[in-house]
Amino acid sequence: MDGGCAFPLLSDPAGYVACEVDLTDHCDQCAHWIAVFRNHFPRMLDEAANHGWSGARDEAIARFGRWLDDAPNMDRLTILDCCIERENVLREVGIDDVYVHAKQLENERALAVLPSLLEQLDAMDDADRRAALIQGIFAGNIFDLGAVETADMFDNGATVDFRQVRAKLKARPWLIDNLDRWLARTSPYRCACVFVDNAGPDIVLGIMPFVRDLLRRGTHVLLTANNTPTLNDITVTELTGLLEKIAALDDTIAGALSEGRLELVSSGNGYPLIDLSTVSRELADAVTRLQPDLLVIEGMGRALESNFNARFTCDCLKLAMVKDAGVAQVLGGEMYDLVMRFEPI
Ligand code: MG
């Protein structure tokens, strides 16, 4: 993006690189990702066609295919480059938001589950609840229409039961498991900046209960979401409306919104991965004003693929479920492994 600002919490803005892995240096990974993008793209066009798009499907596939054919010959190639080109092609053929209907459907389904989930969480003791909140973030993160295996679970309006997913999560120790370190930190944070990922159960049943717990401990929370649609990531506009619906169901969220202790800004991003060297002015200003002492980066794209080794000037929590065989291989794990990296400064 042009005109973006460096994210103010980067510990080394000059040395920061989003997506450290240059795929042109790694033949196996390069082939894997090109196949992932090539195979997934037609299903995005099909989803758009199911909801009224009537553009030229074959031409769109050929257009993106030619770019993918040439991509290994570029000087440098990252997964983010592939994401950017995919959005370029979609916009060129007149598709703005492939999963708008899927996001709305999953938001409504998740809202129906939220009150009983919050009741269940509130009945737990402190340590159990804090662990359950992290597990809830993992479980919600399964709503990912960018990864082929999880997208299959949500095909044709099908859904996934949040509590069942949470109950079936891989047992500890997770692939990266800093839960004990996180639980040992009992003093509240002053302000948390939270990069959210997907719509539906991810934001409603995973992130928002976690945020609500932070608010109850007195933490000011700055949420930041994508500016424009990509895959099933929630946009800042969608999240604005969703927060009102959540506030209607929960007094803590309602109170924090009205007191200004829960804020939402656009990250300026429009991809499932994020380049923190170019965030929105709005986010940079909010972070400079609030000086967060906790940063939360959620989701495979943002936390693992683009910022796994990024370092920050405050404590950082990176959380994701692994939903791609290539990501699993790089991390030395397996599909559906869980990553909770807590990096106190
Ligand atoms: Mg996502």
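Q: What makes us say that helix 5 lies across strands, and which strands are they?
A: In this predicted model, helix 5 (residues 126-140) lies across strand 5 (294-298), strand 6 (315-321) and strand 7 (338-343). Its direction runs at about 50° to that of strand 6. Contact here means heavy atoms within 4.5 Å.

Q: How do you know which part of the sheet helix 10 packs on?
A: Helix 10 (residues 236-249) touches strand 3 and strand 4. The direction of helix 10 makes about 160° with that of strand 4.

Q: What is the order of the strands in the open sheet, and what is the pairing called?
A: The sheet has seven strands in the order 1-7-6-5-2-3-4, and its pairing is mixed. Strand 5 and strand 6 pair in the parallel sense over five bridges, whereas strand 6 and strand 7 run antiparallel and are joined by six bridges. Both senses therefore count as pairing, as two strands pair if there are at least two bridges between them.

Q: Why are strand 1 and strand 4 said to stand at the edges?
A: Strand 1 (176-177) and strand 4 (262-266) each have a single partner strand, so one side of each has no neighbour in the sheet. For strand 1, the partner is strand 7, joined to it by two bridges in a parallel run. At least two bridges are needed for a pair, so those two bridges are enough. Within this pair, Ile176 has Val339 as its bridge partner.

Q: How do you know how strand 3 is joined to strand 4, and which residue is the partner of Leu222?
A: Strand 3 (residues 220-225) runs parallel to strand 4, and five bridges join them. The partner of Leu222 in strand 4 is Glu263. Strand 3 is also joined to strand 2 (residues 191-195) by five bridges, again running parallel, and there Cys191 stands opposite His220.

Q: Why is strand 3 called largely enclosed?
A: Six of the six residues of strand 3 are buried, so the rest of the structure largely encloses this strand. On one side are His220, Leu222 and Thr224, on the other Val221, Leu223 and Ala225, and both faces are covered.

Q: What makes strand 6 largely enclosed?
A: Seven of its seven residues are buried, so strand 6 is largely enclosed by the rest of the structure. Asp315, Leu317, Leu319 and Met321 point one way, while Cys316, Lys318 and Ala320 point the other way. Among these residues, Leu317 is the bridge partner of Val296, and Lys318 stands opposite Arg341 in strand 7.

Q: Is Leu231 called buried or exposed, and why?
A: Its relative accessible area is 8%. Buried means under 20%, so Leu231 counts as buried. Leu231 sits in the loop between strand 3 and helix 10, and its phi is near 45°, a positive value in a residue other than glycine.

Q: Why does Tyr336 count as partly exposed?
A: Tyr336 has 24% relative accessibility.

Q: What makes Glu92 count as exposed?
A: The relative accessibility of Glu92 is 51%. Exposed means over 50%, so Glu92 qualifies. Glu92 has its place in helix 3 (residues 79-92).

Q: How do you know that the span of helix 1 is close to the one expected?
A: Helix 1 (residues 27-50) has 24 residues and reaches 35 Å from its first C-alpha to its last, against 34 Å expected at 1.5 Å a residue. After helix 1 comes Gly52, with a positive phi near 105°.

Q: What makes Asp197, Asn198 and Asp233 donor residues of the magnesium ion?
A: These residues coordinate the ion through Asp197 (OD), Asn198 (OD1) and Asp233 (OD), at 2.1 to 2.2 Å. Donors must be within 2.8 Å of the metal, so these atoms qualify. Along the sequence, the spacing of the donor residues is D-N-x34-D, and both Asp197 and Asn198 are buried.

Q: Where is the cis peptide bond, and what is its omega?
A: The bond runs from Arg172 to Pro173, with omega near -5°. Pro173 lies in the loop between helix 7 (162-168) and strand 1.

Methods
Residues numbered from 1 in each chain as written. Predicted model: local features only at pLDDT ≥ 70, side-chain atom pairs only at ≥ 80, totals over all residues. Heavy atoms only, no water. Donors = N, O, S within 2.8 Å, 3.2 Å for Na, K, Ca; no water. Buried < 20%, exposed > 50% of the residue type's maximum accessible area, 1.4 Å probe, protein only. Helix = DSSP H or I, 4+ residues; strand = E, 2+ residues; numbered from the N terminus. Axes fitted to C-alpha atoms, helices over the stretch in contact; angles between N-to-C directions. Expected span 1.5 Å × (residues − 1).
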